[in-house]
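Work through these exercises with the model open. Try each task before reading its solution.

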Amino acid sequence: VILLNSGILADRIGEFDIPVRILEERSQNALQLLFRIRRILSKERFDILHTHRYKENILGGLAGTMAGVPHQIRTVHGMAEPFAGLKSIKSRVYRMLDTLITRSRIRMSIAVSCDIERQLAAKYGADRVVMIHNGIDCERLQLTTSPGEIRQRLGLDVTHKLIGSVGRLTPVKGYQYLLGAFRKIAEKDSLARLVLVGDGPERQHLESLAREYGIDKKIIIYGFTPDVGEILSTLDVFVLSSLHEGISISLLESLTLGIPSVVTAVGGNPEVVRHNETGLLVPPLDEPALADAIVSLLDSPGRAAAMREAGKKLVEKEFSKDAMATHVHTLYRQLVGFSDA
């Protein structure tokens, strides 16, 4: 495995005794990274190169071609986020290069949702795209800290009604609409609290918006944590207010932990949350609908309990790490010419 930075992923891969090469992107330019990746690929003589994200796909596509790797594939976890200013220009250049590499070098793209599959098939052809849902390791979500202890750490107790979301604080996550919905909830319920787990460029804007709405004392922006499961376990309702989404790992984890969910009906969300069965779907950008759906679950314990059981069963059946690994393994074998007959 080649990673462009150290961190949790490197540590977890190391647990399986898989060799990891870390090429710190902060200390090297793109050309340096390209030639270092090419050297590794040339030396090891890999049969398949599997890349993720725009930058890795571009570098991997070029380096893999230079090193003569016969089969190159990629996984697309989400479609392009909207940016403004200089970031918009940079993003456009990345997308253009990514498209060129994918058209010319990538044999197969894995889409993590049916929604992404449709978009990629229209762009590259249905015969060059396969849909494989994200999967999670349900067993890894064994908790070592009780929900009560987590609430104490957050400065809360069992009487508070805790709503939460997990993800990078970026515009595509639609957190400004979640704050607007929460303001409506907090006006009527003094025990309601909101926790956002994650960090990103929107943090200051969201903190400012919370002060403007007069709800800053009822919102906790927890920042990044490797122990997402422990925060999820103490929630009464999990929310995704995204404007677009692939297959959210935090949503799968919340369902596995039995947390009822409210999500926007965008991207891959409807493939995980079946309305009124494993959670509630609401339109994006709709603060009143988001607020009403959250309140309906907070006020209906019986309804939430039924969704808990349905959500757990769905993840175990369709979104497990074993199901995902089996599909990817089958694709690898097909690429190199093995038969599974």
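**Exercise 1.** How many aromatic pairs does the structure hold?

Solution. Start with the ground rules. This is a predicted model, in which local features need pLDDT of at least 70 and side-chain atom pairs count only at pLDDT 80 or more, while totals for chains, interfaces and linings use all residues. Residues are numbered from 1 along each chain as its sequence is written, and side-chain values use heavy atoms, with hydrogens and water left out. Next, the criterion: rings of Phe, Tyr and Trp (its six-membered ring) pair if their centres lie within 6.5 Å. The count is 0.

**Exercise 2.** Which residue lies over the face of Tyr 213?

Solution. Apply the test for a charge over a ring: NZ of Lys or CZ of Arg within 6 Å of the ring centre and within 35 degrees of the ring normal. Arg 183 is the residue, at 3.8 Å from the ring centre.

**Exercise 3.** Which helices give two or more residues to the lining of the second largest pocket?

Solution. On a 1 Å grid over the protein atoms alone, a pocket is an open set of points with protein on both sides within 12 Å along at least five of seven lines, and lining residues have an atom within 4 Å of a point. Helices are DSSP runs (H or I, at least four residues), as are strands (E, at least two), numbered from the N terminus. The lining includes Gln 28, Asn 29, Lys 55 and Tyr 94. The helices are H2 (30-44), H3 (54-67) and H4 (85-104). H3 gives the largest share, 4 residues. Now the classes: Ala, Val, Leu, Ile, Met, Phe, Trp, Tyr, Cys and Pro count as nonpolar, Asp, Glu, Lys and Arg as charged, the others, Gly among them, as polar. That gives 8 nonpolar, 2 polar and 1 charged residues.

**Exercise 4.** Is Ala 63 buried or exposed?

Solution. Locate Ala 63 in helix H3. Buried means under 20% relative accessible area, exposed over 50%, partly exposed in between (1.4 Å probe, protein chains only). Ala 63 has 0%, so it is buried.

**Exercise 5.** Which backbone atom of Arg 274 lies 2.8 Å from a polar atom of the side chain of Thr 278?

Solution. Find Thr 278 in the loop between helix H11 (269-272) and strand S12 (280-282). Thr 278 counts as buried because its relative accessibility is 1%. The atom in Arg 274 is the backbone nitrogen. The Thr 278 side chain also reaches the backbone oxygen of Val 272, at 3.1 Å.

Key
Phe/Tyr/Trp six-rings, centres within 6.5 Å; stacked < 30°, edge-to-face > 60°. 1 Å grid on protein atoms, 1.4 Å probe; cavity = no way out; pocket = protein on both sides within 12 Å on 5 of 7 lines; lining within 4 Å. Polar contact = N/O pair within 3.5 Å; in protein donor to acceptor, adjacent residues only side chain to side chain.
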